[in-house]
Structures are given as C-alpha cells and as structure tokens.
Amino acid sequence: MGKRFGVATRRRSQAQALDFSFWESKGSSGAVAASPPSSVPMVSAFADNRVARAHPDWVQVGPDGERGDRSARYFDWSTLCPTRDDVFRLALFWATQAANGNGLRLDDVNYARQGYCQCEECRKAIAQGGVAPEEFRRTRIASFLRAVRSEVKVPLYLTLYPDPYPGHLERRFGVDPDVLSELVDTFIVPIYDLAYSTTYWLEALAMGFADRLRRPFLVELYGLDVPEERLRKAAEVAMAYADGVLIAYDRDDAKVLRIRDSVLG
Ligand SMILES: [Zn+2]
C-alpha cells in the first residue's frame, strides 16, 4: 500500500481539499460537530468536559486522590473513568453514532496517567477481580475496543500517546498495542511540536513505533503556525518510518497542499 497524506481539521474547506481527512466529531470539550461525508470522524472516548461537569463522580482519580480534570496540573481537559459502566456505554454510544463509511477514529481510549484511576468504582472492581491494577486497566481498555469493534464494521483508527518504549503505554495508560492490534486497523501517533526546529526526537519516536506496532500507523504533526519548511522537513522524517502523515489544525490550506505534493511526490 502506498503512503498516505491527510489532515485532522475543523475546517470544511480543508476536509474537501484533501481526499484523506479526519474531522473532530466529538472532542474532549464535549462539543459535537457532524463529520462531512468525506471525512473520518474523530471521537474522544474518555475525555469530556461537559459530561464531567454534569457527573463529577465520573472523573478519574489519581493515586493521591487528585482529580483527573482541569483543576489538576497535568490536564487540559476532564478525564472520565472507563471502569464505570455508564462511561463505557456512553463512549460506545458516541463511537457508534459517529462512525461513517470512511471509518472511525478514537482518541483518549485510556486511563489518564500512571496510577489512575483510583476512584471508588475502580478500587471496588480491582478488589473483586483479584488482579493487579495494571492488568485490570489493560483488560478494561481492550474490552472497550472489542465492544466498539463488534458494532463498528468500518476501518478503525486508534490514537496512541507518543511513547513507544516497551511497557510504557501499558503501565501508564492501560493500553497494550499488541493486544489492540487484533482490534484496530491503523494506529495514529500525534507527535506535536510548535516549531519542529529539530527532528531527531521525532525520528526516534517514529522509528520506535515502526519497530513496535504490528499494524500500519500514521504520524500526526501539529501544523498551526509552524513555518512551512520546518513542517515539510518534519513530514519527510515521519514519512520515512510511518505509513502516512497527517497535519493537524493548520489553517493554511495552500501550505498543507504544497507539503502533501512535496512529501508524496
Ligand atoms: Zn475509576
């Protein structure tokens, strides 16, 4: 299969200009925007500020009792606990509602950070299950993706946190890419920077994922206000290891198209 180039966008003009685009259909703010028919909808599964406001007890809790929401220093959004059946069902509903013929991309399918979640529901479930907390979390995340997979028959994309080091995704987020490879068609790894003035770290991360993942993966780069030459260089570096590159949230459609022609040409 040839390499792919696309965008993640909230702009209809850009979604129409590229034949491969991802559309923020349900973001972590809770805002919902129906995807244009040509785009793959993106759904944030276990992050939602609106739901967290309405159901404060659904928010994830850290090892020292801190809440996994915008009041904590680590988070720009509110995380919801995947262990709760209400949250699990709601995320599954969002996913099945949003999927279209192009596919479905799921973001934030994970526990919030290492040691999360320790809410009352999690403590109870882990005690009853008699397994180690990390194993419990990996199993729960895999069950969610299994549930999505059984309802959604279109190509399934899953976003991973950009840490390819063996064991880190498992330990930090309850995400086991080896297990999830059986359920997901393509992984997406956002490797964001505001400038890409160096790219050795981008190369190391992309190469690490190429070694690790048993499925195709796309590297997503942050585009907004990044100088064109640097973004082009970053895209070339990522494309050497990944099966495709996405540019996220750039407002300059002409720049994105020039980079596409350069990188694919
Ligand atoms: Zn919990």
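Predicted model: local features only at pLDDT ≥ 70, side-chain atom pairs only at ≥ 80, totals over all residues.
1. Strands β1 and β2. Strand β1, residues 4-9, runs parallel to β2 and is joined to β2 by three bridges. In this pair, V7 stands opposite S21 of β2. Strand β2 is largely enclosed by the rest of the structure, because five of its six residues are buried.

2. Strands β4 and β5. Strand β4 covers residues 104-107 and strand β5 covers residues 156-159; the two run parallel, with three bridges between them. Here L104 stands opposite L156 in β5.

3. The zinc site. Which protein atoms are the donors of the zinc ion? They are the SG atoms of C81, C117, C119 and C122, at 2.2 to 2.3 Å from the ion. The angles that these four donor atoms subtend around the zinc ion run from 97 to 115 degrees, so the arrangement is tetrahedral. The limits for that label are 85 and 135 degrees, and all angles must lie between them. For comparison, the ideal angle for four tetrahedral donors is 109.5 degrees.

4. Where the donors sit in the chain. Along the chain, the zinc donors follow the spacing C-x35-C-x1-C-x2-C. C81 belongs to the loop between α2 (49-54) and α3 (85-98), while C122 belongs to helix α4 (residues 120-129), so this pair ties together parts that are 41 residues apart in sequence. C117 is found in the loop between β4 and α4.

5. The relative accessibility of C81 is 0%, which is why C81 counts as buried. C117 has a relative accessibility of 1% and therefore also counts as buried.

6. Cysteines and disulfides. A disulfide is a covalent bond between the sulfur atoms of two cysteines. A search of the whole structure for such bonds finds zero.

7. Q118, in the loop between β4 and α4. Q118 has its place in this loop. With 24% relative accessibility, Q118 counts as partly exposed. Neighbours within four places in sequence left aside, Q118 is in contact with V61, G62, P63, R123 and R137. How many residues apart in sequence are Q118 and E66? The separation is 52 residues, and their C-alpha atoms are 9.5 Å apart in space.

8. Two residues with positive phi. Most residues other than glycine have a negative phi. D108 has a phi near 55 degrees, a positive value in a residue that is not glycine. D225, also not a glycine, has a positive phi of about 65 degrees.

9. The surroundings of these two residues. D108 is found in the loop between β4 and α4, and its relative accessible area of 21% makes D108 partly exposed. D225 lies in the loop between β7 (217-222) and α9 (228-239). The relative accessible area of D225 is 66%, so D225 is exposed.

10. W201. This residue is in helix α8, which covers residues 200-212. W201 has a relative accessible area of 22% and is therefore partly exposed. Apart from neighbours within four places in sequence, W201 is in contact with I191, Y192, D193 and Y196. Ten residues separate W201 from I191 in sequence, and the distance from C-alpha to C-alpha is 9.6 Å.

Key
Residues numbered from 1 in each chain as written. Heavy atoms only, no water. Donors = N, O, S within 2.8 Å, 3.2 Å for Na, K, Ca; no water. Tetrahedral: all angles 85-135°; square planar, octahedral: opposite > 155°, others 65-115°. Helix = DSSP H or I, 4+ residues; strand = E, 2+ residues; numbered from the N terminus. Pairing = 2+ DSSP bridges. Disulfide = S-S within 2.5 Å. Buried < 20%, exposed > 50% of the residue type's maximum accessible area, 1.4 Å probe, protein only. Contact = heavy atoms within 4.5 Å.
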